Amino acid sequence: MNKTALFYLTALLAPAPALASGIPALFPFAAQSHDQKGEVEMGWSTSINGTNNGVLDFKKKDDLKGQCDNKKCTISGKTTSAYSLPSFNRSPFTLPAFQSKKSSFNVDCSGSGTLQYARQDYNKIDVQGACSVKLANAGDVFIENDIQLQDSAELVLQPGDYWFNALKMQGDSKITVSPAGVVNFYVKGEVDVNNKYVTGSESSPVNIYQYNDKDVNFQKDDNDSPTWYGNIQTSGYVNMQNASKLYGAVQAEKLELSDSAEIHLDTGTYWYEELDLQDSAKILPQGSGLTTFYVKDEIDLQDNAQLGSESHPILAFVYGDKTGDDEGEVDLEDDARLYGYVYVQGELEMQDNAQITGAVNVVDLDMEGKALINYSAIPVSGDVHHFRLYYETGNEKLTAKACKNSFCSTLYRGAKLHAQNVNAHNTDNYNFNKMTDGYEVYNKSVPLPEQCLAFVIKHEDKKNGGTSPWPEGEPALRCYKDGVEATSCEICPDSEHESVPLVAYVYQELKIEKSELGNNIPDYRFYIGDVKGQGELKQGEETLEKKSSVTFPLIVNYNRAEAISLTIKGDNGKNGKNKQEVEYQLDLVFVPKQLRWSAADCGGDDGFVYAEHAASCTVLGKAGDPVALTLQAYGEGDKLIDDYSAKLQGIVINELTAELEQTREFKQGVFEFEQKSKASFETTSKIASVALIQAAVPDSCASYAVNDDGSCMLNTDGNTAIVGRTVPDRLLITAGSGKLEGGVAYRGKAVAYHQDDKNAPPQSPYFSVMACAANQRDNECELPSYTGEFAAGLDLYGSLTDELLDGNELQWQRQDDGTGEHIWRPEGSFTFDKDYPVAEQSLHIPLDLTLADHDELGGLTASTYFAGENDTLRFGFITLMDAEIPVNKEGIMFSKLHYYGESLKQLKEDTDTRYYLTESSNVKAIWGGNPMEDLSLAAESKEIKVDPYASELKDIIVTIEGLNDWLKPADKDNEGSLADPEALLDITGRFSPGERTFNRREATR
């Protein structure tokens, strides 16, 4: 078992006794006391919500002026459940013995550039300026003195363990982990992080294990705050200031946070002397389950400090000497917030606007200002999925855990496990009845017998009630020896040395210690006896061959995916009969690190955008056909492997929309993968749609890396990737000509297309494109998935006729209704310009759609016409007729719709097209240059009504203003503008009785 995992497991499993009647029994209401001397005091504006109908379980009271559930508080004179706290655990974790090595080799870099080192031991690391230093790590790196990083320095570390004296980071310096993995710092002295960068990540944590009661400090530099991903274990203080952040598990003597510092704390059980949070500092648990604190002295929250959150409350037990003056205390001041459940062997004091959401069980409670406690019931765990037994060989310790899921990432609190060793003569029982926090360490050491420990779970035990609750998962009990799962829950002593294959990834460095050869290895000189494999076994850049000298540890790498045999020979260096020789054979197994798809750039998490990703998102094939996919095997360092064969199963193919929504999933059949000759294969199912194709290959095990028990020596990682897209098999284009209403359009008036009836669509010109899948007939084409971004190539590669007569441009609009058919029609209404007079023109104008080749669809064209063969465009205008009207008589001025025929000399009258002078905004009469306010004129339909006028007048100019442009004549000067129609009106007395109107212009004609 990895030593880090071992002692960290020990820390997480720090024992905590079970409660007498369960944790919820301690907190039945918002506030209560468990002590016969307990006293409550509440100021005028204080409140407690969630009491026993306004009654508090306290023996005594002082001033009780606050409100309990909106009524006057009273006490019951009783107490509630007490909890016998376990002895405070001053050593909740165990660190391995600190290791160090003497060295005179210094890394000093103060300029720029990159330095790389592959040593195991250093005297010190001092990086300044813009220098980058990379350290290789084959397992452990020893630095006798300090690591110091300043300015813009960068320290790049490979995963592994680093042992050194102290860490100091300042300025813009940073630590980078590459490749991804876990880095462990074992530090004798202080850790001072005073930079502005993020160190570590969720996948590459940097853990700090600090010795000698020294402190770990996080502060802010001039510009920004440090963020650290990783666990911390120290017997000293953890000090965090100035908005610094930490993500992980933190075990220390004291946590001291201020100035908006935050710890995002992994769920677990923690032991502290003191918690001190000030100035908006926060401790926010993360993960599933209730985080438990055992605090020896005090919890102090001030100035907007926060402990716990509404979604992740905490459980805190605060110690103290109830018989002396050193009482455990919890103090909340200003706007401090605590979310959780607090059991205090002493006083809890709340002042100002402090608030607790949860419940408290105390000796004394003192609330002042506007302090508030809101009750929230303690969360109760769900069912047990399975139980686990962990056996640690080194200290003969047996630990039980109750797991709420198959991964055991969440623990069930309060379960009981009764296990039995069936190999024992009397079938020894191992009962765990105090799994309060989801785990329990067996109360005696458990030595390994020769016949193995063979555990089974007991459903019923007449004396103790048996396992409860019974787990839902299978197997119900799982056993682990030093972190490795034991088959059939049999934990056995280590056998004599056997030749166990050593396994690594192709191209990965494999470290062969001398102990791998067996027991009692003599101190001989060693060399390569033979290498049986088809590739090259190298030590660094040197290829190992027969007679190559060997020193341990021997660090090798190999360039093929296969199992090989390595023979190492040795002798005592003497000759003749005094010469002694030994020979050892090792099995080395090298597997691919990952099987990876030939992925395509199809937009990533943001989805497919045709204009950006059409070229980079590979076209794999046609909708309706299977498509070809390609896998590649890679070794360490992302290096492609020359050859690898495997039978792959469990491959899943997904069809996705451009927005990455799944529309279909199917499983690929078993595939005989061969890197050299058969890296590509066709899908066993046809792709049903135009889609992004996502392929997923699961983790796999090389056939030669399978153990006798069926387990895998080293898995080859799988991969999920979007590998490309499918397109239609072909496109079909149809077109239709426009047909004008009445066969006529007028300049200045929106073109009106003919409708067969009021519910039918206008017969405007159109082009239709229909997408077809493979094996669909033309009359059966239907491919609704050819829509949105998948069809955006129609816009990028489509070209339509847009210029009509006299420079008038036609705007097209493509309609995509999600059926797979795409229709172009003129966008909105279209109006021909009207300026200079022109003769009547034909609108039987050809229109073309050209689709350039894209998405392997080939080039396509289609043609139609803007309007029918006999449809024409006219320059029309209203002619207002001159008129003579008798004095004191009503009269009418008539109008006609004229247009130019085959030439501007041919004026024709249109008697079919409707028009209305009532569209006019104003009719004016002017005589002698002045408006005639007393002459009443009104436009009615196609004429102007003139009311009686009492005097004779000649040459009154009557003008219609505000007509639509299509009814206006050209200006008299023929300058390209339009004029208002006008005519002359005479009021005369020479008519005979009965006459009303005499039209001069008509009479002249």
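## Confidence

The protein chain has an average pLDDT of 88, and 92% of its residues score at least 70. Among its elements, strand β35 (residues 306–307) has the highest confidence, at 97, while helix α1 (residues 3–12) has the lowest, at a mean of 37.

Over residues 1–21, the model has 58 contacts beyond four places in sequence. Over residues 1000–1005, it has 15 such contacts. Where pLDDT is low, the predicted coordinates should not be read in detail.

## Largest pocket

The largest pocket holds about 1,600 Å³ of space. It is lined by 41 residues, of which Asn137, Ala138, Gln158, Gln508 and Glu509 are the closest to its centre. Two or more lining residues come from each of β14 (140–143), β17 (160–164), β52 (502–505) and β58 (554–558). Strand β58 gives the largest share, four residues.

Sorted by class, the lining comprises 17 nonpolar, 12 polar and 12 charged residues.

## Open sheet

Seven strands form an open sheet with parallel pairing, in the order β11-β14-β17-β20-β23-β26-β29. The edges are β11 (121–122) and β29 (250–251); each has a single partner strand, so one side of each is left without a neighbour in the sheet.

Asp121 stands opposite Phe142 in β14.

Conventions. Residues are numbered from 1 along each chain as its sequence is written. This is a predicted model: local features need pLDDT of at least 70, side-chain atom pairs count only at pLDDT 80 or more; totals for chains, interfaces and linings use all residues. Side-chain values use heavy atoms; hydrogens and water are left out. pLDDT is the predictor's confidence in each residue, from 0 to 100. Contact means heavy atoms within 4.5 Å. On a 1 Å grid over the protein atoms alone, a cavity is a set of points where a 1.4 Å probe fits but cannot get out, and a pocket is an open set with protein on both sides within 12 Å along at least five of seven lines; lining residues have an atom within 4 Å of a point. Grid points are joined across faces, edges and corners, and a volume is the space filled by probe spheres set on the points. Ala, Val, Leu, Ile, Met, Phe, Trp, Tyr, Cys and Pro count as nonpolar, Asp, Glu, Lys and Arg as charged, and the others, Gly among them, as polar. Two strands pair if DSSP finds at least two bridges between them.
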